[in-house]
Amino acid sequence: MNTQKLLFLCALLGAFALAFIFIPPGMLSLEAIKTHRQALLVFVEQNPLRSAVFYFAVYAAVSALSIPGAAILTLLGGAIFSLWQGVLLVSFASTLGATLAMLASRYVLRDGVQRRFARQMKIVNAGMARDGAQYLFALRLMPLFPFFVVNLLMGLTDISVRRYWWVSQLAMLPATVVFLNAGRELAKVDSLHDILSLPLLFAFTLLGLLPLVTRWLFSRYTPSTKK
């Protein structure tokens, strides 16, 4: 086993241990964060750096292990941190977690993912061969493929870690800002459906499709330079 794979496995085990120790059952629910919000605000005010580091680590662990609750954690980030702090923490933590999940699929879970998502894998391979990073950008914004499925499927492609990181971070940023902003009005949020309305999902889908449509239009209507 080479050094990179060893470091990755250590990071994945660390994420699992962190999630097991610090995320008790029922914590990742809207009711729980509403109940404990005031106490968390006091803790953040008294321990700003420790709070930020702990939040970042827990968020990355949840994303890496595909534990349901990343959306709830994003709302919490908006409720207890300023908007710019929340954007920095969530954007980098979610991308780190997504990258760890992608690497887990590539190095550890490859055979199982290939069997479980064989049909989806054909679609993704065709899209990546045709549109590359722009296809990943579209998948991140469209609700067709859940967050954790995109992570797993991309691990079976040949996309580089660097490209996967920056495309994912850029594509997930709009939803991050929307959820963080909603977290600032946490008392008014009764369910995630209050945030992810159909018009908003439609807008995200259009944003995701924009690079693909632009590329198609250029290829269709730009005169070829070949003789």
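Helices are taken here as DSSP runs of H or I of at least four residues, numbered from the N terminus. In this predicted model, Y55 and Y59 both belong to helix α3 (residues 48–64), where, being 4 residues apart, they are separated by about one helical turn. Their rings form a tilted aromatic pair, with 5.9 Å from centre to centre and 55° between the planes. Y55 also pairs with F81, and because the ring centres lie 5.2 Å apart with the planes at 65°, this second arrangement is edge-to-face. Y55 and Y59 are buried, as is F81, and the three residues form one aromatic cluster.

The axes of helix α7 (residues 118–131) and helix α8 (residues 133–141) come within 6 Å and cross at roughly 130°, which makes α7 oblique to α8. On the α7 side the contact is made by I123, V124, G127, M128, R130 and D131, and on the α8 side by A133, Q134, Y135, L136 and L139; by class, the contact comprises 7 nonpolar, 2 polar and 2 charged residues.

R37, located in helix α2 (residues 30–46), counts as partly exposed because its relative accessibility is 24%. Beyond residues up to four places away in sequence, R37 touches A79, I80, R184 and L186; the C-alpha atoms of R37 and L186 are separated by 9.2 Å, although the two residues are 149 residues apart along the chain.

Definitions and conventions
Residues are numbered from 1 along each chain as its sequence is written. This is a predicted model: local features need pLDDT of at least 70, side-chain atom pairs count only at pLDDT 80 or more; totals for chains, interfaces and linings use all residues. Side-chain values use heavy atoms; hydrogens and water are left out. Axes are lines fitted to C-alpha atoms, for helices over the stretch in contact, and angles run from 0 to 180 degrees between N-to-C directions. Helices (H or I, at least four residues) and strands (E, at least two) are DSSP runs, numbered from the N terminus. Angles under 35 degrees count as roughly parallel, over 145 as roughly antiparallel, 65 to 115 as roughly perpendicular and the rest as oblique. Contact means heavy atoms within 4.5 Å. Ala, Val, Leu, Ile, Met, Phe, Trp, Tyr, Cys and Pro count as nonpolar, Asp, Glu, Lys and Arg as charged, and the others, Gly among them, as polar. Buried means under 20% relative accessible area, exposed over 50%, partly exposed in between (1.4 Å probe, protein chains only). Rings of Phe, Tyr and Trp (its six-membered ring) pair if their centres lie within 6.5 Å; planes under 30 degrees apart count as stacked, over 60 as edge-to-face and the rest as tilted.
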